[in-house]
Amino acid sequence: MSRQAYVMETLFNIYNKEGVLVPFKLNNIQKQLDKQIIEGNIHRASVLKYRQGGVTTFIQAWFLIECMARHTIAVMLAHDRDHTEKLLERMRQMLVNLNGPAPRTSKVNDNEISFAKTQSTFYIGTAGSKNFGRSATISHLHCSEVAFWRDPKTILTGLLQAVPHRSGVVVQETTGNGWGNYYQKSFYSMLSGNSRFKPFFFPWFIHNEYVSPDSLTSPLTLEEKELQIKFSLSLPQIQWRREKVTEFENDEDLFKQEYPSSIDEAFKLTGGSLFSQLERSEDSKWIRINSEVKKLSSHPKIGLNYIFGVDSSGGTGNDYSSIVGLCIETQEQVFEYHNNHIAPPKFARVVGEYGKQFNSAYLVPESNSHGLSVLSTLKDIYPREKIYKHRLPTRKLTQGAYNVPGYGYGWQTTGTTKPYAVGLAQSLVLEGWKVYSPELYDELRSFVETIEGRLEGVGTHDDLAMAFILASVGVTKILNRLGREQKVIPTKISPPDPSHWRDEQGRFQLPFKDMFKKRSIHTRA
């Protein structure tokens with residue numbers, strides 16, 4: 001036990017969950033925090049946890065001790081005003097109920113307590129407050145429920161500049177808040193060793209109070225037997241889990257997010273991903289070419305067919321212009337491009353360049369918004385028969401006449417076509433098509449149907465997900481034309497069937513005597 005933990009148990013009394021004032025005794029998770037962070041001398045820690053485990057209370061008590069012992073500037077930030085007020089009230093209670101005389105304070109207000117003897121200050125506030133905690137160097141920073149902050153990247157970037165690089169202590173703690181957001185990506189980056197922060201995860205069953213006094217109400221289910229074996233759960237723990245799931249109205253997903261057994265459960269989407277069956281594949285041949293491009297080094301191959309989904313942006317630094325490339329024969333992702341600072345005309349030339357490298361890949365650009373500019377350039381620099389096109393609808397003209405339908409290029413995403421395209425992408429996932437990109441995987445995992453019925457990503461971005469969905473449209477189009485039973489698909493797509501009324505430039509190409517014959521139905525690309 002560290003010196004700080006010994007002082008916590010000696011000095012502090014806290015109110016337990018029943019509202020009774022009791023001596024502060026470290027529970028299992030608090031003992032682990034003491035051993036791994038304080039005794040381990042960790043200066044940057046990120047704690048992914050279950051609800052109501054006592055992590056916030058432990059860090060608050062630790063920082064209070066530092067303030068009373070030596071000159072310290074401690075800052076604790078909550079994600080909203082309600083939690084800020086609760087944290088401040090808890091700190092006041094801890095000081096009032098000390099075993100021994102309370103320390104002399106020189107300043108107490110709505111967001112800070114100052115200690116006269118050590119000239120220390122403990123600030124408590126809400127993440128995002130413009131003038132909060134900026135006037136002095138921060139020696140100890142506690143970010144509470146950081147996964148629920150509105151703009152954690154911007155806020156943390158500013159705050160960390162105020163913390164000394166070597167001596168300063170920063171502790172993040174939070175429950176999960178879905179997949180694909182800033183904190184989830186940051187935590188997985190920490191797990192990969194790509195961050196100075198050391199990640200810690202604590203499952204619910206580490207908590208010594210999470211057991212039921214009641215016996216099992218029924219025999220163990222198959223899932224419960226698997227959990228018992230995997231995590232060495234006792235029967236009282238399983239019964240507690242049953243009771244808690246009932247409190248969540250039998251919503252297992254919501255229970256797992258609030259009381260996770262694993263890191264993946266902690267980040268599970270409560271709304272339900274539209275691509276929940278997707279599993280990311282690993283392949284050492286999936287390599288980074290530069291800051292924008294990743295590809296499977298074993299592709300392209302002569303004789304194989306490739307489909308590129310193309311999602312365009314304005315190049316202003318907000319949304320990304322993205323390409324996802326799929327191979328029909330091997331049923332896998334082979335290419336990815338991601339750039340948020342490229343103008344549409346230049347992006348079109350990038351699409352054309354990489355498309356030609358992949359055996360003149362079949363392109364499916366979106367024809368909405370900035371996609372119109374991309375399409376305009378692509379039609380001039382790329383084989384038009386390799387760009388997705390659709391037959392325009394017949395429109396009635398004056399005096400009973402009808403226009404002769406032509407072709408439109410690109411995929412137009414609407415409230416009607418988007419669910420159809422998403423369904424095609426789901427079919428590829430169910431058929432086992434492989435996705436190698438972690439970024440694409442994250443965006444697909446966080447692609448949901450909102451309460452309002454919108455299909456969209458709830459993570460940081462969904463541009464790669466949309467490019468994958470567009471590529472799925474192209475895969476389906478080509479396979480429907482050539483027949484799914486074919487094992488080898490010719491690289492060169494046949495020119496337009498002459499039985500159609502117009503060619504690609506919209507010119508009539510049938511003899512006048514044949515124009516009013518009954519036309520047969522053809523599947524077009």
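Student: Which residue in β15 is the bridge partner of V293?

Tutor: The bridge partner of V293 in β15 is Y337. Before going further, note that this is a predicted model, in which local features need pLDDT of at least 70 and side-chain atom pairs count only at pLDDT 80 or more, while totals for chains, interfaces and linings use all residues. Residues are numbered from 1 along each chain as its sequence is written, and side-chain values use heavy atoms, with hydrogens and water left out.

V293 belongs to strand β12, residues 293–296. Strands (E, at least two residues) and helices (H or I, at least four) are DSSP runs, numbered from the N terminus. Two strands pair if DSSP finds at least two bridges between them. By 3 bridges, β12 pairs with β15 (residues 332–339) in the antiparallel sense.

The link from β11 to β12 is a hairpin of 4 residues.

These pairings are part of an open sheet of 6 strands with mixed pairing, in the order β11-β12-β15-β14-β13-β16. At the edges stand β11 and β16 (362–365), each of which pairs on one side only. From one strand to the next the twist averages 15°, where axes are lines fitted to C-alpha atoms, for helices over the stretch in contact, and angles run from 0 to 180 degrees between N-to-C directions.

Both faces of β12 are covered: V293 and K295 are buried on one side, K294 and L296 on the other. Buried means under 20% relative accessible area, exposed over 50%, and partly exposed in between, with a 1.4 Å probe and protein chains only.

In β7 (residues 120–126), 7 of the 7 residues are buried. One side of β7 holds S120, F122, I124 and T126, and the other holds T121, Y123 and G125. Strand β7 runs parallel to β4 (residues 73–78), with 6 bridges between them, and A74 has F122 as its bridge partner. The hairpin of β6 and β7 has 4 residues between the strands, and Q119 in it takes a positive phi near 55°.

A helix shows another arrangement. In α7 (residues 222–231) the buried residues are E224, L227 and F231. They lie on the same side of α7 because they cover an arc of only 60° around the axis, the arc being that of the directions from the helix axis to the C-beta atoms. An α-helix has 3.6 residues a turn, so residues three or four places apart point the same way. The face turned away from the buried side of α7 carries the exposed residues L222, I229 and K230. Helix α8 (235–247) is among what covers the buried residues of α7, where contact means heavy atoms within 4.5 Å. Just after α7, S232 takes a positive phi of about 55°.
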